[in-house]
Amino acid sequence: MRFSTLVSLLRPVGPVIIGISLGFTLSLLSVNWVEETVCFLDNARSSGDDPAIALSQQDGAARRPNSIASTTGNDADSEEDFQPRVVPYKQVQQSPKKLFRAKYISTELGIRERLFAGVLTSKSTINTLGVAVNRTISHHLDTVVFFTGTRNRKVPHGMFVVTHGDERLIWNMFQTIKYVLEHHVNEYDWFYFVQDDTYTEADRIKALVGHLSMEKELYMGSPEEFIGGEMEGRYCYGGFGYLLSRALLLRLQPFLENCRNDILSARPDEWLGRCIIDYANTNCVEEHEGLQYYHHKLDKDAADPSEEESSVQFENALTVHPVAEPEQMYRLHRHFSEIELRRTYEEIAKLQEQIKNVSVVAFDGNRTSQWPVGVNPPFEPKSRFEVLRWEYFTEEQIYVCADSSPKCELQGVDKLDVADIIDVAMGELNRKYEPLLHLKKQQLINGYRRFDPTRGMEYTLDLRLEVVNQKGHSRSITKRVHLVRPLSRIEIIPMPYVTEATRIHIIIPLTLQDRSYANRFFEVFASNAFETSENAVLTLLFIYDPVEAQQVNHNDIFASVKAQITAYERKYPAVKIPWISVKTETPSQIKFMDIISKKHPVDTLFFLANVDTNVNSEFLNRCRMNSINNWQVFFPVHFQDYNPDVAYHNQQPPASVDLLRDSGHFDRQTFDEACFYNSDYMSTRSRMTADVQENEELLETLDVYDMFVKYSVLHVFRAVEPALHQRYRQRACNPRLSEEQYHRCVQSNLEGLGSRSQLAMLLFEQEQGNST
């Protein structure tokens, strides 16, 4: 009943419901077809095709929305339906990566130094024991750094000190290891730490690490038990020093902060040992792969190390502890130096015996071994120009003199050299013939010496000797001996890093006599510096005497030079040529530099020259490289032309002179050119102040070269410079200079006239003319 009633109610609206449902279905189907067509039209527009053609190609090819046409299977028209779209390639613009090149080859290849030495010191001992440690090991090791909590305001000279700012021992030990990890762990293979009350035999430490593998996690020193014995393992006692490998430090690096927070200890060596054992699982060892870390405990009452009981432990000790005072440190250094020297001589003797034994079985027998054994054979000249010259001497005189005199008095280092070689000869003769005979020197009859660049200084001595036998009988004999003072071991001196980018301030003093040469100097300098934009500043120093200075307003002797300066500044707008006027009766390099130095910063690089100097970029670069701040000053030896009237007698001089033997010479008597930093000049000049107060004439009698030699601690580098060329000019020698400087000036004028052969030809022509 109910069902029939429901059907009767729905029968009128049934068609409506079916129609609406069918309409929704058809509308959904029509939307899908339209969207597909629109998408394709959009693709057609983007590819540049005609939409009508696209529609005609789509007839009967309807597919589901968001589907991809398949290129396989039964769909044969899928390839025709696919319309490829060409996307133009755009190269991605990448900024070029700057190539990093290391400063040194060793850095680029990852080559590390072998040993780093860290000395643990304090404020109270750095000026006593710290200085003693530095003097005994710094010249044997490449890097020595002193670590302290606090220090005095003045640090001892020649010491690199790192201050942590706190006197707590554990904190200082932590900061020391942290500093090494941050600054040096990538530069060294081994790290040696020692207290300042310990003597270190530096060469033995170097030899030890030279035989150890750098990849081992090694903790080496004097093993000690922990206080109380509660903790397993052993630490290295700090008094005797200890070695840490780079691999061990790198493993310890992530846990260093944990060690500082977790480990409590009263001693820094124990703290470090516990940290290494806990986090690196490495104990202190005294022996590794047959190599022993020898050390010796010094008695408190032992003032002289020679009084110590001789033992293998002491004779082979790498470190000795404790050292109470610096004098004891120096005595230990002398004692161990004597031990090493004795061992070196013993090793040399053994090697000589081995060479002799081997040479016996050689083809030529003993003739194959050179004398002395182990020294290079003598130099063999290839032409007569390479023959080495022998110098003849006696005990009072030498027959080869610096001023070309035929004979002069034997004095200075030459006299000491002759006396020393005679003493060595007598010692060797007595050692050979004693106890049967004893020889005494009566007289040096003849002496000869020459320097062989391949082996050293050779000597031949004819000695008159008194020979005394064991019975007391004596007689006089003549004995010829041959000796060689071999060249010592060549050592590469580490030099600070310098560049060629430093600006040079060129100082040219001008007097009335130099005025006529200024025009040629400006022409050469403009072509070599102004036109090439050389990083250099030219400064002229006009020198007036009192009379010339009074007339400067209406009769300036340098008016023409100042006009040339103005003309060059107009021609080269980027160039400024400053000049300074000076009034003095006695021109002096030191007086000039005192004025110049005050007007420039301390890091200024000066090139002091004269108006005859031809300055070019090649020399300026060498000036930059050879002048090192707080290390070295450079005094080049320029090439000086001979007098054209002598060198080109009855000939036309060439327009440009080449560096030939007959055209000029390197003037070693002149020290006018110099390259140095202002800070080096100021520090050297301050050391000279006390002597100047006692003798004011020093400012006039000394030049800059003499000042650096006598009062500075710098390297004074003197070398020939082919890029520094000067034309011939007769120098005006100032008689107020010191005797040595005046003699050098006169000698320079004489040597600059011409070569010996050229002067001999002039004398020969003059004699021929007089005879006719």
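Author: Two strands pair if DSSP finds at least two bridges between them. Strands (E, at least two residues) and helices (H or I, at least four) are DSSP runs, numbered from the N terminus. This is a predicted model, where local features need pLDDT of at least 70, side-chain atom pairs count only at pLDDT 80 or more, and totals for chains, interfaces and linings use all residues. Residues are numbered from 1 along each chain as its sequence is written, and side-chain values use heavy atoms, leaving out hydrogens and water.

Reader: How do you know that E5 pairs with strand E13 (residues 319–321)?

Author: The two antiparallel strands are joined by 2 bridges, and the definition asks for at least two. Thr200 stands opposite Thr319 in E13.

Reader: What makes strands E5 (199–200) and E12 (295–297) edge strands?

Author: The open, mixed sheet has the order E5-E13-E12. E5 and E12 each have a single partner strand, so one side of each lacks a neighbour in the sheet.

Reader: Why is helix H24 (residues 704–711) called largely enclosed?

Author: Buried means under 20% relative accessible area (exposed is over 50%, partly exposed in between; 1.4 Å probe, protein chains only). In H24, 6 of the 8 residues are buried, so the rest of the structure largely encloses this helix. Among them are Val704, Met707 and Phe708.

Reader: What makes a set of residues a nonpolar core?

Author: Its members are buried Ala, Val, Leu, Ile, Met, Phe, Trp, Tyr and Cys residues joined through side-chain atoms within 4.5 Å. The largest one here has 37 residues, and Leu115, Tyr192 and Phe336 are among those touching the most other members. Helix H6 (129–137) supplies the largest share, 5 residues.
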